Amino acid sequence: MLVYLSRSIAQNSQVFSIDVTDANATQGAEIANQVAKSFKQQVKKIIKVNNVTIVSPATPASTPVSPKKALNLLVGLVVGLLLGFIYASIRILTDRRVHDVDFLTTELGLTNLGQVNHQHHQKHVNQQVAKLQSTQKDDKSEQAVRRTRRRV
């Protein structure tokens, strides 16, 4: 059982409130009422005052005080988007690669002596394999034609 008990006093006043946070709302209200009754009895003995009254007894809350799921979800979404935007911005701002030839010639004033194109290795290999397979099929069909010519 986890119970949080706090009190708050209004300035220049002798009225204060008792706040109890508990997993069970009815149990929290009972704890607050018992603390108020006990305080009322103890104050009469300590200060010798007879006019201590409980203004309103504690009642259980109809809705949970915490956690506020909608607020937590909204805060998580905003923080996630903000962190993602910051990360993407840092990646873009710290990127030192050359993406375009125009940057080298226009911005840096360098002369373009030539360009070597980058080929994707796997795509290139697949193309070469397809070419070999097609030439092998052509060779087989040519050999079949040659065989038929010889037999004739």
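**Exercise 1. Contacts and overall layout**

What share of the contacts in the protein with a separation of 6 or more comes from residues 24 or more positions apart?

Solution. Contact here means heavy atoms within 4.5 Å. Residues 24 or more positions apart account for 22% of the contacts with a separation of 6 or more. The model is predicted: local features need pLDDT of at least 70, side-chain atom pairs count only at pLDDT 80 or more, and totals for chains, interfaces and linings use all residues. Residues are numbered from 1 along each chain as its sequence is written, and side-chain values use heavy atoms, with hydrogens and water left out.

Next, take the elements, where helices (H or I, at least four residues) and strands (E, at least two) are DSSP runs numbered from the N terminus. The protein has four helices and two strands, in the order β-β-α-α-α-α from the N terminus on.

Then take confidence: pLDDT is the predictor's confidence in each residue, from 0 to 100. The protein has a mean pLDDT of 80, with 78% of its residues at 70 or more. Among the elements, the lowest mean, 59, belongs to strand 1 (residues 4-9), and the highest, 97, to helix 2.

**Exercise 2. Helix 1**

Work out whether the length of helix 1 fits its residue count, then describe its buried residues.

Solution. Step one: the expected span is 1.5 Å times one less than the number of residues.

Step two: buried means under 20% relative accessible area, exposed over 50%, and partly exposed in between (1.4 Å probe, protein chains only). In helix 1 the buried residues are Gly28, Ala29, Ala32, Ala36 and Val43. Their cover includes strand 2 (16-21). In the protein, 5% of the 152 residues are buried.

Step three: look at Gly28, which lies in helix 1. Gly28 counts as buried because its relative accessibility is 6%. Leaving aside neighbours within four places in sequence, Gly28 contacts Val20 and Asp22. Ala58 is 30 residues away from Gly28 along the chain, with 8.6 Å between their C-alpha atoms.

Step four: after helix 1 comes Lys48, with a positive phi near 65°.

**Exercise 3. Surface and salt bridge**

Which residues form a nonpolar patch on the surface, and which residue pairs with Asp95 in a salt bridge?

Solution. Start with accessible area, computed by the Shrake-Rupley method with a 1.4 Å probe; for residues, only the protein chains shown count as cover. The protein's accessible surface is about 14200 Å², 57% of it belonging to carbon and sulfur atoms.

The patch consists of Leu71, Val75, Val79, Leu82, Leu83, Phe85, Ile86 and Ile90, together exposing about 760 Å² of accessible area. Patch members have over 30% relative accessible area and no salt bridge; nonpolar side chains (Val, Leu, Ile, Met, Phe, Trp, Tyr) are joined within 5 Å, like charges within 9 Å. Ile90 sits in helix 2 (residues 69-93) and, at 48% relative accessibility, counts as partly exposed.

A salt bridge is a side-chain nitrogen of Lys or Arg within 4 Å of a carboxyl oxygen of Asp or Glu. The structure holds one. Asp95 pairs with Arg97, the closest N and O atoms being 3.0 Å apart. Asp95 is partly exposed at 30% relative accessibility, whereas Arg97 is exposed at 58%.
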